[in-house]
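Open the model in your viewer and keep the selection panel at hand.

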Amino acid sequence: MSAIIHYSALRKTVHDRLLLEIDSLEIHEHACVALSGRNGGGKSTLMRIMAGLEAPDSVTLTLDGQTLPWRRACQRMRTHVIYLHQQPYLFDRSVTDNIAYGLRQRKVSIAEISRKVSEALDWAGIGHLQLRNARELSGGERQRVAFARARILSPRVLLLDEPTANMDSEAREQTYRMIKRLKEDGVSILLATHEFHTVAHLCDAHLSLESGKLHAETVDTAGAERKIIPYG
Amino acid sequence: MDSLSASTAESFRLLFSGDAALWVIIFTSFSVSVRAILIAAPLAFVVAFLMAHLRYRGRRTMIAGFSALQSIPAVVVGLTVYLVLSRSGPLGDLQLLFTHTSMIIGQILLSFPLLVALSHAAFQAADRRVWETSVTLGAKPARAFLTLIHEIRFGLIAALLAGFGRIIAEVGCSMMVGGNILGYTRNIPTAIALETTKGEFAQAIALGMVLLTLALLLNGMLAFFQGRGVMSS
């Protein structure tokens, strides 16, 4: 598997505290990787940096083999990487308008938007909600709209920040099914969680963020023993 | 007492008979204040947004400054604009004094700090995810800004209404830079002040009723939009 994005020598301090010090982090094609760590350990900050929403103190960023300055990389990444908040924000407009938002930014024709939105509604099983205001939806329904809104842009990398937090078991299962289908579609996924065992069945690899450093972990079949090896 | 009731009756007659002089005054008021608010608001929103989202030296001082400027008396703004636009002032050659333009300039200066302060509060309270979601979905900064404006529209409409309420009822600035010229720069508050000093209460009461109705309407709308703003956040 080739690397889509490679972040190296990534460093981030917050209020003079070193939050992240990562030697190397690669996002490979068609990979689903879990990112675990304790709450407040920097998972969300790392994902926000990876999505270009927050600037690190320093980083060397290589996109498709080309090393780019941070600002230019951010612009380029917008077409490849989509970040979904722990609780996705849906705009105060209809479900259809929410899903079409990204396509409108890309100046896609109205006919094409209509076709793709219809397909995305079917994909997420939310056709019956299309005219509802997105603000009126339940947590699980909101998550499905957010996934459809991201998928319609055909991202190469999806950064999911604890997508099943505060969800009931049924909504959680639905979310897992959507992640699995995205993975089957060839989208690379980085999945932040503080409970790796709940998403282990979806992931090809597991990264653990401890004291600002990344470790690759392997878990034995019983999940009893954990071996941590330096990552990068 | 008889005089008061007669004046009130006359004021109703003036209002509902379509008295041209009265309605020109009302039209002038609205025309000047609406134009002032439409010019001031976009710039105020951009300044408020930058103050809410950028971190730079002097930001707190700037916020405190706009907050303090809200309470600047209208006559002081009027005096400043008068001095700048008067024949001997730096912009005297433009001959703008005692025109709609000078009144609009004065009202822009009056409403701007209030618009910035109130819209800053709305931008400050906006969910950070609005901007981030727009950007991650590919919106350019200008488009993300418009999306943010849409999401906090009720707070911004409340700011617009409060700003409009401030300038439609002010006397000092309009009197000084407009000159209270009949049929041209005379607006509701300056006409009320003049008619009262002349003892002509009928027109003053009629115009007072228009202002009072407007004030009630604006406050009702303000309460509505502020409520919607809270609910939608």
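Start with B:Leu22, in helix α2 (residues 20–53) of chain B. The model is predicted, so treat every value as computed from it. Is B:Leu22 buried or exposed? B:Leu22 has 20 other C-beta atoms within 10 Å, and 20 or more counts as buried, so the residue is buried.

Now show the neighbours of B:Leu22. Leaving out residues up to four places away in sequence, B:Leu22 touches B:Leu14, B:Leu15, B:Gln203 and B:Ala206.

Move to the largest nonpolar core, which has 118 residues. Select A:Ile99, A:Ala148, A:Leu158, A:Leu159, A:Ile189, A:Leu191 and B:Leu115: these touch the most other members. Then colour helix α5 (residues 100–125) of chain B, which gives the largest share of this core, 14 residues.

Zoom in on A:Ile99. Beyond residues up to four places away in sequence, A:Ile99 touches A:Val117, A:Ala120, A:Leu121, A:Val145, A:Ala148, A:Arg149 and A:Ile152. Another core, of eleven residues, lies apart from the largest one; among its members are B:Leu22, B:Ile25, B:Ala204 and B:Ala206.

Finish at the contact between the chains. Select 15 residues from chain A and 14 residues from chain B. On the side of chain A, β6 (81–84) and α3 (95–105) each supply at least two residues. The most comes from α3(A), with three residues. By class, this side has eight nonpolar, four polar and three charged residues.

Conventions:
Residues are numbered from 1 along each chain as its sequence is written. Chains are lettered from A and ligands numbered from 1 in the order in which they are written. This is a predicted model: local features need pLDDT of at least 70, side-chain atom pairs count only at pLDDT 80 or more; totals for chains, interfaces and linings use all residues. Two residues are in contact if their C-beta atoms, placed from the backbone, lie within 7 Å. Helices (H or I, at least four residues) and strands (E, at least two) are DSSP runs, numbered from the N terminus. Ala, Val, Leu, Ile, Met, Phe, Trp, Tyr, Cys and Pro count as nonpolar, Asp, Glu, Lys and Arg as charged, and the others, Gly among them, as polar. A residue is buried if 20 or more other C-beta atoms lie within 10 Å of its own, exposed if 12 or fewer, and partly exposed in between; C-beta atoms are placed from the backbone. A nonpolar core is a set of buried Ala, Val, Leu, Ile, Met, Phe, Trp, Tyr and Cys residues joined through C-beta atoms within 7 Å.
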